[in-house]
Amino acid sequence: MSHCETTERGEDLASPRPIRISRTRSRVKNVKETTKLPDEDCMLLNPSFRGIAINSLLAIDICLSKRLGVCIHTTSSWGSMCSAVTLLALTGHGFTWICGTLVCLTQSSTLAGQEVLINLLIALILDILTVAGVQKLVRRKGPWDITPGFLDCVALDTYSFPAAHASRAAMVSKFLLSHLVLAVLLRVLLVLWAILVGLSRVLLGQHHLTDMVCFTLSFLHFSLMEKVWLSSGACQTLISIGTFSWGSVH
């Protein structure tokens with residue numbers, strides 16, 4: 001065998017080696033790609049301090065809210081107080097306040113009283129619509145799986161955050177304290193009522209404790225109503241439109 005033939009066979013035998021090495025490298029690369037975790041899993045395995053703090057606070061909030069739900073059923077630990085707490089929560093319901101304001105408006109005979117009642121009615125409608133819109137965006141469920149009642153559906157109060165009763169009670173309390181002359185005892189009772197209304201919904205298992213922070217939203221409604229306050233003439237026009245008595249408009 002000649003030297004040329006030997007070199008050619010040597011080259012033929014040596015040529016597949018790079019192919020084997022490249023195949024081995026591709027296999028190792030594929031194994032590394034399959035064992036590589038996606039970005040979401042890496043975030044879950046290595047959460048930030050902010051994420052840990054938020055999740056911890058939410059867990060504490062859910063735990064405390066469930067423990068405070070002592071008036072959910074008559075068989076609960078505070079079951080004997082269930083009716084009283086439900087009645088207290090009803091005093092902060094949007095349906096109750098709108099109906100009560102309309103009744104007072106029909107019985108009022110002074111221009112000043114009608115002016116306050118018309119603006120209060122607009123503030124209540126603004127509160128209901130704003131809270132319902134935020135609830136639809138957040139869609140947070142309550143601590144207990146409780147189906148909303150008929151009046152809650154009428155008032156568009158179907159989710160947990162923000163708490164509509166707490167927001168409405170705080171807004172009404174601020175509104176009445178600013179536009180009515182009340183004795184000191186009545187002012188204290190009004191503030192106490194607003195706090196108890198918000199707490200009653202937690203006791204009934206409808207809301208979390210953190211849902212009560214929506215009282216800041218009520219101050220926003222009050223500030224907005226103060227800026228767009230309707231005068232006595234505008235209120236009389238609205239009353240005339242509502243009662244179809246155009247002859248009373250001067």
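Student: Leaving aside neighbours within four places in sequence, which residues is Gln-135 in contact with?

Tutor: This is a predicted model: local features need pLDDT of at least 70, side-chain atom pairs count only at pLDDT 80 or more, and totals for chains, interfaces and linings use all residues. Residues are numbered from 1 along each chain as its sequence is written, and side-chain values use heavy atoms, with hydrogens and water left out. Contact means heavy atoms within 4.5 Å. On that basis the partners of Gln-135 are Leu-156, Asp-157, Thr-158, Tyr-159, Phe-161, Pro-162 and Ala-164.

Student: Does Gln-135 count as buried or exposed?

Tutor: Buried means under 20% relative accessible area, exposed over 50%, and partly exposed in between (1.4 Å probe, protein chains only). Gln-135 lies in helix α7, residues 111–138; helices are DSSP runs of H or I, at least four residues, numbered from the N terminus. Its relative accessibility is 1%, so Gln-135 is buried.

Student: Which helices do the buried residues of α10 pack against?

Tutor: Those buried residues include Leu-190, Trp-193 and Val-197. They pack against α4 (49–68), α5 (82–90), α6 (94–107), α8 (150–154) and α9 (164–179).

Note on methods. Helix = DSSP H or I, 4+ residues; strand = E, 2+ residues; numbered from the N terminus.
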